[in-house]
Structures are given as C-alpha cells and as structure tokens.
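Q: I would like a close look at one part of this model. Please keep it brisk.

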Amino acid sequence: MTIPMALVDYIPVLMFLIAAVILQRDLYKSMSKGAFALFSAGTITVFVAGFYKATWKLLYAAGVCDFTPLNKSFFPMQTTGFVLAALGMLALLCHKQGAENGDKLNSVAIIPALGILLTASAPAEYSGTMIFVMLMVLGVLVLDVGLIIISARHKQTLAAVIYGISFVFVMGMGYLSSKDFEQASMNWIAEFTNVLGQGTFLLATWMLHKKAFAENK
C-alpha cells in the first residue's frame, strides 16, 4: 500500500458525503422526522466508516502506525449505515409522511435499528461476516431502488439508470474485496471501481437535484 493509493481512497468517501448531504437537503421536506433521522444517521455512518478506513490506510502507508480498530470497524459500521439509510428510504416510500407519522415511526423503526446496532457492536468472535454481507447488499439495494423510484416519479430516467449503474459498481467492489489484495494491481482496480461507484452515485444525485428539486425551491 502506498500513500498515493491511500489518498485516492478519500475520493469516493468525499463523493458519497457530497451526495448524502444533497439528498438530505432535497428529501428533508418529504420525510417524517423518524424517516429523516434514520436516513441521515445512516448516510453519516457510512461516510464515517469510509473515512476511518481511508485514514487507516494513510497512517499505515505513511508508516505512522497500524491502528487496526479503524480498519476493523469499517465493515460493521458501513453495514449499519446502509441498513439505517435503507430503513429511512423505506419509510419515505411506504409510509405517509407527516408530523404525526414521524413520531409514530420513531417508536416503530427504533426496534430494528437497535437490533442492527447491537449486531454491529458484537465482538468479532460472536459475529459471522455473512450476516453483514447480506445486510449490506440489502441496504444498498433498497437505498438505490428507492432513489430509482424517486427519480422515476420526477421523470428523471437518466438519473434512475445511473443509480442502477452505481449499484453494479458497488457490488463489483464487494466482489473485489474478496480477492487477493497483496497485489498492487488489485488494489488499484478496487480503488478505480470504488471511485466509479460513488462517482456515478454523486452524478445521479446531482442530476436529480438540479432537475427535480432545485427548480422547485
């Protein structure tokens, strides 16, 4: 691992953060308090997980230290974040949004949310990775499908297609993570795939913002 490679790892993290902030601002008025709390907490958690992982890589590559907790926390934190964001998206799409429903949703949604958080905080020796893999895939799928539906409702077909492409790249990144990362070439392929995944996610979000939300403000 080299310093340039570690620095590149911050690019998709920042791309996701920008997209998350745009989505939070655009969807705020459409969401109940409970749905927005889940969505915003989830996207922020995903960002922090990515930031931790990139920082671990940079510290390791620079020879400062091998602070493994930053690396080990990435997978459960990112899984938790995507699941919470997906719950917020499901609430937006499946429940009537409003002040009354927001309070009601808080009490209902907190149960599965707490369950996910408790699972993520369990010691490694008591937690299998497969549950995290399934939850992460499900979380990313629900989040992207929800954004595709929102794009379709606003007649933004191209944004919907790009969200679908982003999902494919994210799944590709998951596949690459199971390969041998001792090879520098595999690391660069994974970095490139990650940048494409979050780059297309940001592009679709920006297109949706400009065409569907910015014009209505």
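Is helix α5 largely enclosed by the rest of the structure or largely exposed, and why?

A: This is a predicted model. Helix α5 is largely enclosed by the rest of the structure, because 15 of its 21 residues are buried. Buried here means under 20% relative accessible area. The helix covers residues 74-94. From first C-alpha to last, α5 reaches 30 Å, close to the 30 Å expected at 1.5 Å a residue.

Now a residue of another helix. Thr45 sits in helix α3, which runs over residues 33-61. Setting aside neighbours within four places in sequence, Thr45 is in contact with Met77 and Gly81. Both of these numbers fall within residues 74-94, the range of α5. In general, an α-helix has 3.6 residues a turn, so residues three or four places apart point the same way.

For contrast, take a loop. Lys155 lies between α7 (129-153) and α8 (157-176). Lys155 counts as exposed, because its relative accessibility is 73%. Its phi is near 60°, a positive value in a residue other than glycine. Most residues other than glycine have a negative phi.

Then confidence. The chain averages a pLDDT of 82, and 78% of the residues score at least 70. Helix α2 (residues 10-27) is highest, at a mean of 96, while helix α6 (residues 99-120) is lowest, at 47. Over residues 99-111 the pLDDT stays under 50, and the model has 14 contacts there beyond four places in sequence. Residues 117-127 are also below 50, with 8 contacts beyond near neighbours in sequence. Where pLDDT is low, the predicted coordinates should not be read in detail.

How values were computed:
Residues are numbered from 1 along each chain as its sequence is written. This is a predicted model: local features need pLDDT of at least 70, side-chain atom pairs count only at pLDDT 80 or more; totals for chains, interfaces and linings use all residues. Side-chain values use heavy atoms; hydrogens and water are left out. Helices (H or I, at least four residues) and strands (E, at least two) are DSSP runs, numbered from the N terminus. Contact means heavy atoms within 4.5 Å. Buried means under 20% relative accessible area, exposed over 50%, partly exposed in between (1.4 Å probe, protein chains only). The expected span of a helix is 1.5 Å times one less than its number of residues. pLDDT is the predictor's confidence in each residue, from 0 to 100.
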